[in-house]
Amino acid sequence: MAAAMRKPRRRMRLIGVLALALMLTGALSLGAHVGSPDVFYEGDAGPYRLFVTVRMPQVIPGVAEIEVRCASNDVRAIEIVPMTLSGPGSTFPPTPDLAQRSKEDPQFFTGSLWLMEFGALKVRVTADGSKGKGELSVPVPSFAQRSLKMEKPLGGLLAFLMLFLAIGAIFIAGAAVREGNLEPGELPLPARARRARFVMGLTAIVAAGVLYLGWAWWSADAGTYQRYVNLAKPPVAETKLENGNRLILRAKGQDARWSEYVKMEEVIPDHNHLMHLFLFSVPGMERMWHLHPERIEGGEFAEQLPAMPAGKYQIFADVVDKNGVPWTLVGTEELPQISGGALRGDDSAWAASVAGTRAVGDTVSELADGGRMVWLLAKEPLRANRPMNFTFSVEDKDGKPAADLERYMGMAGHAEFVSKDFTVFAHVHPAGTISMAALELGRPGRAGEPGGMQTGMPMAMPMPSGPVASKVNFPYGFPRAGEYRIFVQIKRAGKIETGVFDARVQ
Ligand SMILES: [Cu+2]
């Protein structure tokens, strides 16, 4: 661990300025999720299929825990290293660390990495085995989730030592003036005693000044840190209803300066749309909508709502800023009965009254077209912080694997994991929780290229093509215990279908 600490320090000096510049241009968070900071990614490192979990530290600098599960047993060694997502830091990586191979499970590797910088980083994973070497990069959001409070006993001890030092300095200065040049046994002159008192007073003033400056520095530093924490928090979705059915959304950062870094006028499309808006009925999530508002003037977004019953709705709206950084706007809205039109394009909706409410633990969800979706769930209970593959098979109405699946917005499926108290929202794809845009930005040799990601073409990366299997898979892990509802959205023969499952997580 000591070696791992030295490396990032050296790197930090090299690219610290760059990391700060990156951060100030808005690259603060890479997770279009709420309350779900860990990163789950499944992909190919050359010939090897890897499932990588990055458990993010709560504070920066902090230690990220990396877990790598190999799908095959031919991987001998895994190396891991943190780098900046793009820029010079991504081409001069420090020496990687060797991940530990589990004794009980030779296909499982773990390691720890110090993340020293704020901003857009990636963890590069290199696998070495019988088929040669292969690597992949997992984009990770390196931002502080909270400020650590100093423990009371430690704070008390430090305050005592500081006072002791300050008072000690005053007396030492006094004694030096009064008795510094006395012979042994000689008594100090009254004039010297007066001068000593004066010097002690002066030292006291200087010590107080130094203490004040130290306190001011400490406060400024803590304030800056807290600002970073607030800048990385999900922005608030401010909403209003116009003309009976037109919903207007505006983003407001939790820090007043958020909008200096993230301009809604400059957000870029992520899987075909500038914004993915999710509405969930409160409290029961008996209804959900997945809509795609258009951008209007002043960085606001507008959606012509479909028919909706009156009630309270929880809002999550995903956008990606111009640096490829996803954000989720969070809000609630009390709506009157909306007499809107039918759903259009990629828009979709689900209602319990149509498909039937599922009981907790039920692994079958009936689809509106007569088919069904089955959650291929292991028998063991669901546990928080356990990375797993959420696999769903789609059957037609005769119970056979559905042969008519299509890509829905470029992907085999989209899954939303929502906690019943709405403190967790994760929009997950078959590659995991990372955004396609960040993945593209983190590709070696791509960052900064003309026409590349940074000029606003994130979807230029090749989308998977070919037939869509009847099974869809999402790598994810619940961040904490509680009740969740999972919405799995797929497309069959031109129609969007939503399977819904409830999960109790221990
Ligand atoms: Cu999606």
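Buried means under 20% relative accessible area, exposed means over 50%, and partly exposed lies in between, with a 1.4 Å probe and protein chains only. These legends describe a predicted model, in which local features need pLDDT of at least 70, side-chain atom pairs count only at pLDDT 80 or more, and totals for chains, interfaces and linings use all residues. Residues are numbered from 1 along each chain as its sequence is written, and side-chain values use heavy atoms, with hydrogens and water left out.

**View 1. The whole chain.**
The protein chain holds six helices and 28 strands. Helices (H or I, at least four residues) and strands (E, at least two) are DSSP runs, numbered from the N terminus. Of the 506 residues, 49% are buried. The accessible surface is about 23,600 Å², and carbon and sulfur atoms own 59% of that surface. Accessible areas come from the Shrake-Rupley method with a 1.4 Å probe; for residues, only the protein chains shown count as cover. Contact means heavy atoms within 4.5 Å. Among contacts between residues at least 6 apart in sequence, 69% join residues at least 24 apart.

**View 2. An open sheet built around strands E2, E3 and E4.**
Five strands line up in the order E2-E3-E4-E8-E7, with antiparallel pairing. The edges are E2 and strand E7 (100–101), each of which pairs on one side only. Two strands pair if DSSP finds at least two bridges between them. Strands of a sheet pair through backbone hydrogen bonds, either parallel or antiparallel.

**View 3. Strand E3 and its two partners.**
Seven of the eight residues of E3 (residues 48–55) are buried. On one side, seven bridges join E3 to the antiparallel strand E2 (residues 39–45). Tyr41 has Val52 as its bridge partner there. E2 and E3 form a hairpin with two residues between them, and Gly46 in the turn has a positive phi of about 60°. Phe51 stands opposite Arg69, and Val54 stands opposite Ile66.

A salt bridge is a side-chain nitrogen of Lys or Arg within 4 Å of a carboxyl oxygen of Asp or Glu. The whole structure contains 17 of them. Arg69 bridges to Asp105, with the closest N and O atoms 2.9 Å apart. Arg69 sits in strand E4 and Asp105 in the loop between E7 and strand E8 (108–115), so the pair ties together parts 36 residues apart in sequence. Arg69 is partly exposed, at 37% relative accessible area. Asp105 is partly exposed too, at 23%. Asp38, Arg55 and Glu67 are linked in a network of salt bridges.

The side chains of Arg485 and Asp502 meet at 2.7 Å, N to O. Arg485 belongs to strand E27 (residues 482–492) and Asp502 to strand E28 (residues 495–505), so the pair ties together parts 17 residues apart in sequence. Arg485 is buried, because its relative accessible area is 4%. Asp502 is also buried, at 3%.

**View 4. Ser281 and its surroundings.**
Ser281 lies in strand E13 (residues 276–281). Ser281 counts as buried because its relative accessibility is 9%. A polar atom of the Ser281 side chain lies 3.0 Å from the backbone nitrogen of Glu286. Leaving aside neighbours within four places in sequence, Ser281 is in contact with Glu286, Arg287, Lys312, Tyr313 and Phe422.

**View 5. A nonpolar surface patch.**
The patch covers about 1,000 Å², and its residues include Met150, Phe160, Trp217 and Trp218. Patches are made of residues with over 30% relative accessible area and no salt bridge; like charges are joined within 9 Å, and nonpolar side chains (Val, Leu, Ile, Met, Phe, Trp, Tyr) within 5 Å. Helix H2 (152–179) and helix H3 (190–231) each supply at least two residues. H2 gives the largest share, six residues. Met150 lies in the loop between strand E10 (132–142) and H2. Met150 is partly exposed, at 41% relative accessibility.

Conventions
Polar contact = N/O pair within 3.5 Å; in protein donor to acceptor, adjacent residues only side chain to side chain.
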